[in-house]
Each structure stands twice: as structure tokens, then as C-alpha cells.
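Student: I have a structure open and would like to learn how to read its features one by one. Could we begin with the backbone and then go on to the helices and the ligands?

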Amino acid sequence: MIVAVASGKGGTGKTTVAASLAWVWDRPVTAVDLDVEEPNLHLFLKPEISGCETATMEVPVADESKCTYCRACSDLCQFKAVSVLGSVLLTFPEMCHGCGGCIAVCPEKALSAGARELGEISWGRAAGRIGFFMGRLRVGEAMSPPLMRAVIAKLEQIRKEPAPDVIIDAPPGTSCPAINAVLPSDLILLVTEPTPFGFHDFRLAHEAFAPLGKPMGVVINRAGLGDQSVQDYCRNRQLPILAQIPFERRLAEAYSKGHVLAEALPDMHTTFTELMAGLRGSAEDSRQREVTAHA
Ligand code: SF4
Ligand code: SF4
């Protein structure tokens, strides 16, 4: 089972939930930080890092001495990452999406494959039992989805059979990186807070992820703040609220010290154990609905 922990906005407690969920998980599990622009899951799980590598993406490198300025490459590229201006051939590797099309269409073999560094992938183990993977985007790199895909590819490459469950800490928001992070999941866990901003962005996230057709559950963090808008919204759309984390000083203190809530506070251990059971129940309900639909 792959669970993506997502949120409409940053600061709702998504990483707090992902870390505690991994902590209480009672089957082999790997925690994956795909919030590659600002990874912070490691600050809580404190993994021992055992491997690290640089991730790259293929970009064109020009040999202008072979170029006839036919424009086949620039006509093809949708991102203006290769251009022909009269008798000048220009490449802009930072704008390239790595499709390889320009290299394939060049009749003179004037373009060949080079590499652009995306960032770093590292992996290890936390608490001796939780597998751990994370990506960290290179400073100045604008595109995070290629690095996120590289992290997942590395996870697939080195994880052992039987495959452990996976908990993904997704980037916040509803843009391309967030969608990319939840795509590999079987179930999306939306973390929100009951404030006007939290509710607004939670709704956006639900509307963005709903077309993917994956089962979704909700965690309300800082419960007790704000009003009942999140609860009403969930009730009207049959979105199960699987856990509520109270707005209490002792939780904020544990967080500020980099503690995993489920490790530091016994009642939180119970809350997250129940959340784990709720997720499995939601996954099973969804599977049953699929079986019934196909019967
Ligand atoms: S397709 Fe090849 S030959 Fe044509 S303009 Fe591009 S690099 Fe030059
Ligand atoms: S590899 Fe694709 S995106 Fe990159 S420059 Fe070539 S055509 Fe454009």
C-alpha cells in the first residue's frame, strides 16, 4: 500500500503526520520525502543515511559545426529550449524538459545527449526499521517533478521483496509537483487545519486530486481552532475524517524539538495507530467497491 500525505497549503502538519504514521506502522514501511524543494522529514525521523547519488536529466548539447540551421529542432521544442536565430543555434538547458525530441529529429546529428544536474537522492533507515528516501532539489533548479520521479525510480530499484508499504510526504499545494507526488499512491491522506486559509486550500486540494479517482481520507490538525467548515465539507462529500490532532501547546513543544509525536506522546501513538487502521479500512472499502463495480 502506498499512502501519499498531502495538503493544500504548507504548514498544516503534513510532515508531522507522515513521520508519526511511519513511526507506528506495524508492517515493513518506507518513508519517502518528495517535498524536494524543502525536504524536512529527515529532521523528525533522523535516519542513518547509507547511500547518496546525484540525479540528472538528459538535455541537448549542440555541435554547431554540424548544424545546417534547418530549424527542425526549434520547430519541435514546445519549451523554446532550443532556438535557431538566423545562423546561430542556441540551447537553454534550464528550460529543457528532457523529452529528447530535438536530438531525435536532428538530421545532422548536431545535437547529442548531455546532462543537467537536478539534485540529490539519499536513502537509509530510521529507528532501524523504517526505510527512508528523500530528494533535495539543486539550488537554482526550477523543475522538481523529474527529481521526484528519479527518487521513486531509485526506491523501486533498491527496495527488497516483499515490497514494503510506502508513506510519501508530498509537497504542499495543487500544482504539478503535488500531483506528481500523489500519482504513485493507492490512497491520499489530506492534512488540513480548520482555519479559513486551511479550509480554502483544503478544498482546492480535494478538487485537484478528486479526478485521479483515488480514495481519500482527512486528518484535521490543530483541531479546536476555527469553525466546523472542514467537518461540514467532509460530511457533504463523504470524505472520511480519519484523525483529529488537537491544538495544544505540548504538541507544538514536541514539534519544535524535532520529536515524532507518536514517539513522544502516548495518546498520539494511539491516535496514529487508529489512523493507520482507518487508512487500511478505507483502502479495503475502495477495493471492495471496485470489485462490486466490475462484477
Ligand atoms: S535540427 Fe540539427 S541541423 Fe537542424 S537546426 Fe537543429 S541542430 Fe541544426
Ligand atoms: S529535449 Fe525536448 S524539451 Fe529539451 S530542448 Fe529538446 S525538444 Fe526541447
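Predicted model: local features only at pLDDT ≥ 70, side-chain atom pairs only at ≥ 80, totals over all residues.

Student: What is the value of phi in Lys 109?

Tutor: Phi of Lys 109 is near 55°, which is a positive value in a residue other than glycine. Lys 46 likewise is not a glycine and has a positive phi, of about 50°, and its place is in the loop between α2 (41-45) and β3 (48-62).

Student: How are two packed helices described?

Tutor: Two packed helices are described by the distance between their axes and by the angle between those axes. Here, the axes of helix α1 (residues 14-24) and helix α11 (residues 266-294) cross at roughly 85° and come within 9 Å, and that crossing makes α1 roughly perpendicular to α11, since angles of 65 to 115 degrees count as such.

Student: Which residues in α1 and α11 meet?

Tutor: From α1 there are Val 17, Ser 20, Leu 21 and Val 24, and these meet His 269, Phe 272, Thr 273, Leu 275, Met 276 and Leu 279 in α11. The residues of this contact of α1 with α11 divide into seven nonpolar, three polar and no charged.

Student: Where does ligand 1 sit, and which residues are closest to it?

Tutor: Ligand 1 sits in the largest cavity. It is surrounded by 14 residues, of which Cys 67, Cys 70, Arg 71, Cys 73 and Cys 106 are the closest, and the shell around ligand 1 divides into 11 nonpolar residues, one polar and two charged.

Student: Which residues surround ligand 2, and how do they divide into nonpolar, polar and charged?

Tutor: Ligand 2 is surrounded by Pro 60, Cys 77, Phe 79, Ala 81, Cys 96, His 97, Gly 98, Cys 99, Gly 100 and Cys 102. The residues of this shell around ligand 2 divide into seven nonpolar, three polar and no charged.

Definitions and conventions:
Residues numbered from 1 in each chain as written. Chains lettered and ligands numbered in written order. Heavy atoms only, no water. Axes fitted to C-alpha atoms, helices over the stretch in contact; angles between N-to-C directions. Helix = DSSP H or I, 4+ residues; strand = E, 2+ residues; numbered from the N terminus. Parallel < 35°, antiparallel > 145°, perpendicular 65-115°, else oblique. Contact = heavy atoms within 4.5 Å. Nonpolar A, V, L, I, M, F, W, Y, C, P; charged D, E, K, R; others polar. Near = heavy atom within 4 Å. 1 Å grid on protein atoms, 1.4 Å probe; cavity = no way out; pocket = protein on both sides within 12 Å on 5 of 7 lines; lining within 4 Å. Sits in = over half its atoms within 2 Å of the grid points.
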